[in-house]
Amino acid sequence: MGLTQSVSTPSPSPSSSSSTSSAAAPERSVLAIDAGNSKTDVALVGPDGSVLGAARGGGFQPPVVGAEAAVGSLAPLVEDAARQAGGSGPPRVGHISACLANADLPSEEEELTGVLADRGWGATVTVANDTFALLRAGVADDGEPTGVSVVCGAGINCAGIGHGGRVARFPAIGRISGDWGGGGYLSEEALWWAARAEDGRGEPTELARALPAQFGLTTMYELIEALHLGRLDAARRHELTPVLFAVADAGDEIARAIVDRQAEEVVTMATVALGRLDLLGEETPVVLGGGVLAARHPLLDDRIRELLAERAPKAEPRVVTAPPVLGAALLGLDRASAPEAAYTRLRAHYAPADDAESGTESPSEA
């Protein structure tokens, strides 16, 4: 489902000391990887859906550090998961199912597939953008897996699967590919409006007080100076997104307009993908995830559902709260033609406390 790059890898030499637990049935086990901009999850999954080992690390950014270094950063996580499964050193599994941020173009998927294959962790490797992990986590385990997913975390992306395996996706490289949204964009937009409100170029907004107050400052000038001179780590800008939503909740018109714009972008991507896949006329899940959407901010959530009801009345919005590595692991089970019980066990492992079945809303709850 959406895994566009797949290769077989050479078998390790008989003298290799690497191993996994015998209970893992290495030839049918899955190494699932969900690597996002801000965090990476790795899971070693047995053929029965049991999670034998798991690890979490930092972001995955091959455009910044290169494909080799980015994949190299996965090695400690993979080895940690293998140790939990009773092995020593890196594993040798049946299949690697990797859903990776920044694998936005076919050429990037191809390069990352080759680098992962060279690691020798699995007999076969498939690579897809991490949006497909969210989509797989949010659709049923039986039948044709059709649907559309929108990830809104640090950035924004969308992908969909139609009948016969047709795929709709976007480059999602940033503003040069027409993107708008995600936590990075929201914080920048809030800063822009707040700066202009303070110096008189823009309309008044409570953001001009609330944003600097988040860092113990009193004016936007002080905040601009602190960010420009590096007195505040640029990474701390992510703290401004919750402030934006709080100000919007209090009724600030500028903040509410930014939130509405985010809802507009999410629904535009979803409806365009549905249209390209000829799914607007049938009941189809629209799976929502990533930090911004999973937070379920009422203003954003309600507006997304309102716009979807207008533009894609048959769409079924579902918010996935389970870790996206679930989707990568499910894709691995799909490849192995795993039994139904394996899917049930895997979903139960990752289900949030308030939904022990799937880690997503049911259509009736959406």
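Glu 110 is found in helix 4, where a helix is a DSSP run of H or I with at least four residues, a strand is a run of E with at least two, and both are numbered from the N terminus. Glu 110 counts as exposed because its relative accessibility is 53%. Here buried means under 20% relative accessible area, exposed means over 50%, and partly exposed is in between, with a 1.4 Å probe and protein chains only.

Glu 110 also belongs to a negative surface patch, together with Glu 68, Glu 111 and Asp 118. Helix 4, residues 106-119, gives the largest share of this patch, with 3 residues. Patches are built from residues with over 30% relative accessible area and no salt bridge; like charges are joined within 9 Å, and nonpolar side chains (Val, Leu, Ile, Met, Phe, Trp, Tyr) within 5 Å. Asp and Glu count as negative, Lys and Arg as positive, while His and the chain ends are not counted. The place of a charge is NZ of Lys, CZ of Arg, CG of Asp or CD of Glu. Accessible areas come from the Shrake-Rupley method with a 1.4 Å probe, and for residues only the protein chains shown count as cover.

## About the model

This is a predicted model, in which local features need pLDDT of at least 70 and side-chain atom pairs count only at pLDDT 80 or more, while totals for chains, interfaces and linings use all residues. Residues are numbered from 1 along each chain as its sequence is written, and side-chain values use heavy atoms, leaving out hydrogens and water.

## Arg 136 and its partners

Let's turn to salt bridges. The structure holds 17 of them, each being a side-chain nitrogen of Lys or Arg within 4 Å of a carboxyl oxygen of Asp or Glu. Arg 136 bridges to Asp 141, with the closest N and O atoms 3.1 Å apart. Arg 136 is buried, at 1% relative accessibility, whereas Asp 141 is partly exposed at 28%.

Arg 136 also meets Asp 334 in a salt bridge, at 2.8 Å from N to O. This pair links distant parts of the chain: Arg 136 sits in helix 5 (residues 131-138) and Asp 334 in helix 13 (residues 325-335), 198 residues apart. Asp 334 is partly exposed, with a relative accessible area of 29%.

## Another bridge, and a network

Asp 301 and Arg 296 join their side chains in a salt bridge of 3.1 Å, N to O. Asp 301 is buried at 10% relative accessibility, while Arg 296 is partly exposed at 32%. Elsewhere, salt bridges with shared partners connect Arg 136, Asp 141, Asp 334 and Arg 347 into one network.

## Buried residues and their contacts

Two strand residues come next. Ser 97 lies in strand 5 (residues 93-100) and is buried, with a relative accessible area of 0%. A polar atom of the Ser 97 side chain lies 2.7 Å from the backbone oxygen of Ala 328. Thr 124, in strand 6 (residues 122-129), counts as buried because its relative accessibility is 13%. The Thr 124 side chain reaches the backbone oxygen of Gly 94 at 3.3 Å. A polar contact is a pair of N or O atoms within 3.5 Å; within protein, one must be able to donate a hydrogen and the other to accept it, and residues adjacent in sequence count only if both atoms are side-chain atoms.

Leu 134 has its place in helix 5 and is buried at 4% relative accessibility. Leu 134 and Asp 34 are 100 residues apart in sequence, and their C-alpha atoms are 9.6 Å apart in space.
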